Structure formats: structure tokens, C-alpha cells
Amino acid sequence: MKGELLKIEHLTASYGEEPVLKDILLGIGEGESVFLVGESGSGKSSLLRAVLGMENLTVVSGRVLYDGKDITAAGGKQRRELLGREIGFVPQNPAGSFNPLRRYEAQIRDIMGSHGLTWDPEEVTEILEKLDLKEGKKLLRMRPYEMSGGMNQRMAIASAMLLKPRILLCDEVTSALDTTTAARVVKELGMLCTQRKTALLMATHHLGIAARLADRIGIIKDGRMTELGDTDRILTAPREVYTKQLLMDVPRLGRGR
Amino acid sequence: MKINTPVRRLFLRAAELIIILLVLSFLVFALMYLAPGDPAEKRLTSQGIAVTKQVLQAERERLGLLRPFLVRYAEWLSGIVRGDFGISFKDELPVSGKLLAGLKNTLILSAGSFFLSLAIALPLGIAGAVLKDRIPDHLIRILSFVGNSMPNYLISVLLMYFFCIRLRLFPVIAAGDLKGLFLPALSLAIPLSSRFIRQIRAELLSQLEEDYVTGLRLRGVKESDIILKNVLPASLGHVLTILALAVGTLMGGSVVIETIFRWPGIGKLVMDSIKARDYPVILGFVLIMGTIYAVINLLADIAGGILDPRTQKKGE
């Protein structure tokens with residue numbers, strides 16, 4: 001039986017009055033990849049925020065369990081040790097999530113140092129190479145504002161994976177990228193997670209991207225998980241009308257029948 | 001012709017500086033011209049000479065006060081360019097020598113109070129931002145509010161009362177040494193550091209709101225790393241500007257404080273010169289102070305550009 005690494009139990013959460021997450025139920029096993037699919041504003045990003053324990057989101061009821069421990073209200077040192085090292089995160093706007101004026105090397109050193117890991121340039125360039133970024137040494141000397149969105153995105157992924165988290169949360173990794181780059185980045189990310197047996201929880205509005213990489217897909221609409229199931233099942237035998245609609249919207253390439 | 005941006009910026013700012021100083025010199029010269037009080041009369045009475053109409057007219061003639069305004073201004077300006085600030089009306093000694101003698105002491109006092117202010121304001125400003133809305137933050141805010149509201153001459157008198165008269169730790173009249181420096185420097189540093197504390201705190205708080213701070217926290221970066229290696233250096237550019245702008249306050253304040261503590265600086269010289277309507281000395285003082293102020297702000301601007309390369313990109 002697959003151990004449940006992250007478990008979200010009947011989670012209801014809100015910004016202020018209006019709940020943005022309603023009774024969410026989700027478990028993710030060790031090394032499993034789950035994609036949350038929904039339109040913008042559906043609550044998929046909020047679900048990631050709830051797991052990360054971001055301050056502006058209030059949990060009304062329910063719990064978030066990590067490795068069997070309740071982390072819903074974890075704060076301070078406990079939260080800090082969890083973030084990055086256990087639960088990795090690739091934000092929607094990667095360039096803005098780094099100090100724009102500091103070189104990547106300095107920032108990644110700090111991130112690793114904060115978790116008691118030692119900086120190894122070989123390891124970093126190797127991971128960057130896997131993400132199709134050559135000349136890693138040169139890139140590490142650059143600052144976020146000097147790089148393109150796609151490069152920053154991959155730097156964010158690399159810096160998250162260097163900490164060898166057990167689960168990686170990704171928020172709309174593709175929104176800042178053009179379709180071709182997006183597909184490639186997600187593929188590389190998926191391969192990296194498979195190699196390292198890192199569980200993946202990714203929020204996206206692209207059912208097409210989810211179809212290629214997810215073990216399971218959860219459909220989110222208006223803060224509710226309307227459907228959750230194995231990728232094959234969701235794609236071939238969707239139960240909900242909304243899921244069927246989403247499937248129809250996926251653009252098909254080549255010989256569409 | 002292609003000149004790289006930092007150098008071009010420097011030239012542009014230097015040209016700006018010269019124009020500012022020209023305008024400043026003209027304004028001050030005009031103000032002196034329009035100000036009531038007759039330097040010839042002041043000089044004669046201070047020498048105990050009976051002032052008759054004839055004697056006064058002769059004295060005005062001798063000091064060159066009767067020639068047209070613009071001629072006097074042009075003459076004065078051409079002297080300045082050659083490093084000649086003219087002759088004091090009071091004792092007919094060269095103005096440049098008088099100013100230089102006091103300038104050193106004033107710079108010592110200004111620098112001393114400046115670094116004292118920083119030593120007080122940096123840790124308290126950072127503490128206020130990090131511990132926002134907690135008890136230490138409230139205490140620091142009350143303290144800085146009080147310090148900011150009190151004029152420096154009042155502070156200096158209070159300090160003098162406690163340290164010199166009650167505790168007898170310091171001499172009332174500041175000899176030009178380190179022990180004598182402390183109280184005048186502190187009198188200037190208390191209001192200044194109170195202002196710095198608020199500005200540094202506000203600047204850090206606005207930096208802490210930046211997205212990247214959340215980004216680093218979500219990666220589990222230590223809070224001390226976030227403050228010391230990211231937020232603090234990022235606010236340095238703004239803080240430098242704040243500090244540079246304070247140099248004016250500092251130099252203005254030192255005039256008053258030097259008089260109270262009898263610190264042998266340029267401020268005391270200027271106070272005496274104002275009383276005696278010794279225009280050449282006053283003009284020289286304003287010009288030197290204006291130059292120092294403008295040059296420091298120019299340097300802060302350049303440093304800010306180096307600290308945040310993005311501002312240069314925008315200027316291109």
C-alpha cells in the first residue's frame with residue numbers, strides 16, 4: 001500500500017468572508033503526481049497556499065497532514081523547516097519570487113544553507129542541464145531581472161529540486177511561458193520528479209499538460225473538487241459534465257477524429 | 001560619440017551642480033544686498049568711531065558698497081572662480097582663511113553626529129521593522145517621536161544641564177577635542193537619528209512587502225538571511241538618499257549647536273558674521289555649504305545607481 005505523504009482532510013478555507021476552498025479531500029502518495037485542473041479563480045492555487053500555510057488564507061475547518069502530522073497551523077521554526085526541504089514550491093511568478101538584484105548563486109546558497117545543505121556547483125549545473133539550461137555556471141552569476149521568464153522558471157525549479165523535497169508543489173508553472181517551452185519545461189520537471197521519486201502536486205489550467213504527466217487528476221471548480229480520479233479514467237470516462245466540457249476544450253493536434 | 005551611461009550621468013549631474021551653485025550664489029548675493037543693516041556702519045561703531053555722514057560715506061566707498069549690484073556680483077564671482085572669497089568687512093582678513101579654519105571643526109562635528117545617528121538609528125530602525133507592532137516597536141516609535149519633536153537647541157541645553165552641571169562629566173565649553181565633541185554631536189544626533197529610525201523602519205517595511213520576501217520564506221530561507229542579505233541591501237539605495245538629504249539639516253543645525261557649546265567651527269563664525277553684516281564671510285559660507293550638500297547628494301545618487309542597476313537601465 002502506498003503511504004500517504006500529504007493528506008488534505010475536508011479543508012475549507014477563505015480569504016476574509018467568502019470561502020475559496022470548500023470541503024477539499026485529497027491524499028497524495030510518496031512519488032505520486034497529482035494535477036489540479038481548473039480555470040483561474042477556481043481555487044487550485046489557494047489549495048497549494050493552504051498546504052504552504054500562507055498567512056492571508058484562513059483555514060475555517062479541516063486539516064492538512066504531512067507524513068501523518070497535522071501541519072495546518074504549523075508556524076515559526078516548524079513551518080520554516082518544512083518549507084523547501086520537505087515541501088518544495090515553484091511559484092507562478094518565478095522571477096518575482098527571487099530577489100531581483102542578487103545573483104542566483106548567492107540566493108541558492110542561502111536557500112541551501114538555511115536547510116543545512118552544502119553548496120555544490122557541480123550538482124547545481126547538473127540539475128540545470130537536466131532542465132535544458134546549458135552554461136549553468138554563467139547563469140548562476142546572473143540576476144533574475146537579467147533573465148527571460150523561461151530561464152527564471154527553470155531556475156526556480158532547480159532551486160526547489162536541489163533541496164530534494166519529498167513533494168513538490170507547482171503553481172501554474174506554464175503561465176509565463178509560450179506553449180512549446182511550457183510543454184518542454186513540464187516534461188523535464190516530470191522526469192526529474194520521477195527519477196527522484198518526488199511527489200508532485202501541480203495546479204494548471206491545461207488539461208492537456210496534465211494528461212501527459214499526471215497519475216491522477218483532480219478537477220476543481222468554484223472551490224470544490226468536482227472530480228478526482230486516475231488520469232486514464234478522467235480522460236476516457238469522465239463522470240461530471242464540467243470535466244467533459246474541459247476535455248472538449250483541449251486543442252488536439254494532428255489527426256483529430 | 002558613445003559614452004557609457006554611468007560616466008555620462010556623472011557629467012550631466014556635474015553640469016547640473018554648477019548651475020545650481022550659480023543660482024544659489026546669485027540668490028544669496030541678492031538677499032545680502034536687500035537685507036537691512038549697513039556693514040559700513042556696523043564696522044565703524046564696533047571700532048568706536050563716531051559715525052558722521054561723511055565718515056560713513058567714505059567707509060562705504062572704501063568697502064566697495066556704492067558700486068552697482070551686478071558689477072559687485074560679477075567681481076565677487078570671478079574671485080570665487082580663482083579661489084578668492086574676498087576680504088572680511090570686519091577685520092579685513094581673507095575670507096577663505098577664516099572659513100577654512102572653522103570648516104575642519106564643523107566637518108568633524110557633522111561627521112561625528114552623523115555616524116552617531118547611524119549607530120543609533122540602524123539597529124533601532126531594523127528592530128522596529130522586524131518586530132513591527134510588538135512592544136519594542138512601540139517603545140522605539142514613542143522614543144523617536146519624542147526625539148523628533150524636540151528642537152536640537154532644547155536638547156543641547158538639557159544635555160548640558162544633566163551632563164555638565166549635574167553629573168559634571170563633560171565641560172560646558174567644548175574644547176576642540178573628542179571629549180568636547182560628544183555632547184554637541186549627541187545634541188545633533190538625537191533629532192536626526194529619530195528621523196532616521198522612522199525612515200529606515202518604513203523603508204524596510206515596504207521592502208518586506210515585496211513578493212520576493214514571500215518567495216524566499218516559502219523556500220524556508222532563514223529570517224536573518226532574508227533581513228540581512230536581502231531586505232537591508234535592497235533598501236540601502238533609498239536609505240542613502242535619506243541620509244544624504246539629512247546632511248543639510250545637519251549643517252544647518254551645527255551652526256546653532258556650535259554657538260551653544262562654543263565649538264570652534266564655521267557655525268560660530270557665521271553667527272558672528274551675521275551680527276556684523278560681514279557679507280563676504282556669509283556668502284562664502286553659504287556657497288561652501290551648498291557645494292558640500294550638492295556633492296554629497298550627487299555621490300549618493302551615483303551610489304544608488306550602482307546599488308540598483310535597474311535604475312540605470314530605465315534611464316537609458
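1. Strands β1 (residues 4-14) and β4 (residues 58-66) of chain A run antiparallel and are joined by 7 bridges. Within this pairing, A:A13 has A:V59 of β4(A) as its bridge partner. The model under review is a predicted one, and the points below should be read with that in mind.

2. Strand β4(A) is also joined to strand β5 (residues 69-70) of chain A, again in the antiparallel sense, here by 2 bridges. Across from A:L65 stands A:D70 of β5(A). The two strands β4(A) and β5(A) make a hairpin in which 2 residues lie between them. In the turn, A:D67 has a positive phi of about 55°.

3. Chain A also holds an open sheet of 6 strands with mixed pairing, in the order β6-β7-β8-β3-β9-β10. Which strands form its edges? They are β6 (87-90) and β10 (224-230) of chain A, each of which pairs on one side only. On average, neighbouring strands of this sheet are turned by 15° against each other, when direction is ignored.

4. One bridge pair to locate is A:I220 with its partner A:M225 in β10(A).

5. Helix α1 (residues 44-52) of chain A lies across β3 (33-37), β6, β7 (167-171), β8 (199-204) and β9 of chain A, and runs at about 140° to β7(A). Helix α10 (residues 241-249) of chain A lies across β3, β9 and β10 of chain A, at about 105° to β9(A).

6. The largest nonpolar core comprises 127 residues. Which residues have the most contacts inside this core? They are A:V37, A:V51, A:I167, A:L169 and A:L201. Helix α8 (residues 178-208) of chain B supplies the largest share of the core, 12 residues. Beyond its neighbours within four places in sequence, A:V51 is in contact with A:L6, A:V64, A:I87 and A:L169. As a general background, nonpolar side chains tend to be buried together in soluble globular proteins.

7. Chain B is built from 13 helices and 0 strands. Its C-alpha trace spans about 85 × 70 × 30 Å along the principal axes. Of the 316 residues in chain B, 33% count as buried. Among contacts in chain B with a separation of 6 or more, 72% are between residues 24 or more positions apart.

8. The domain assignment divides chain B into domain 1 (5-81) and domain 2 (95-315). The C-alpha centres of these two domains of chain B are 31 Å apart. The contact between them takes 20 residues from domain 1 of chain B and 17 residues from domain 2 of chain B. On the side of domain 1 of chain B that touches domain 2, the elements giving two or more residues are α1 (5-34), α2 (39-46) and α4 (69-81) of chain B. The largest share of that side, 13 residues, comes from α1(B). By class, this side of domain 1 of chain B has 12 nonpolar, 4 polar and 4 charged residues.

9. A last point concerns B:G237, a residue of helix α10 of chain B. Is B:G237 buried or partly exposed? B:G237 is partly exposed because 19 other C-beta atoms lie within 10 Å, whereas a buried residue needs 20 or more. Although B:G237 and B:G304 are 67 residues apart in sequence, their C-alpha atoms are 4.6 Å apart in space. Leaving aside neighbours within four places in sequence, B:G237 is in contact with B:G304, B:L307 and B:D308.

Technical notes
Residues numbered from 1 in each chain as written. Chains lettered and ligands numbered in written order. Predicted model: local features only at pLDDT ≥ 70, side-chain atom pairs only at ≥ 80, totals over all residues. Domains from an automatic or database assignment. Contact = placed C-beta atoms within 7 Å. Helix = DSSP H or I, 4+ residues; strand = E, 2+ residues; numbered from the N terminus. Nonpolar A, V, L, I, M, F, W, Y, C, P; charged D, E, K, R; others polar. Buried ≥ 20, exposed ≤ 12 C-beta atoms within 10 Å, placed from the backbone. Pairing = 2+ DSSP bridges. Axes fitted to C-alpha atoms, helices over the stretch in contact; angles between N-to-C directions. Core = buried A, V, L, I, M, F, W, Y, C linked by C-beta atoms within 7 Å.
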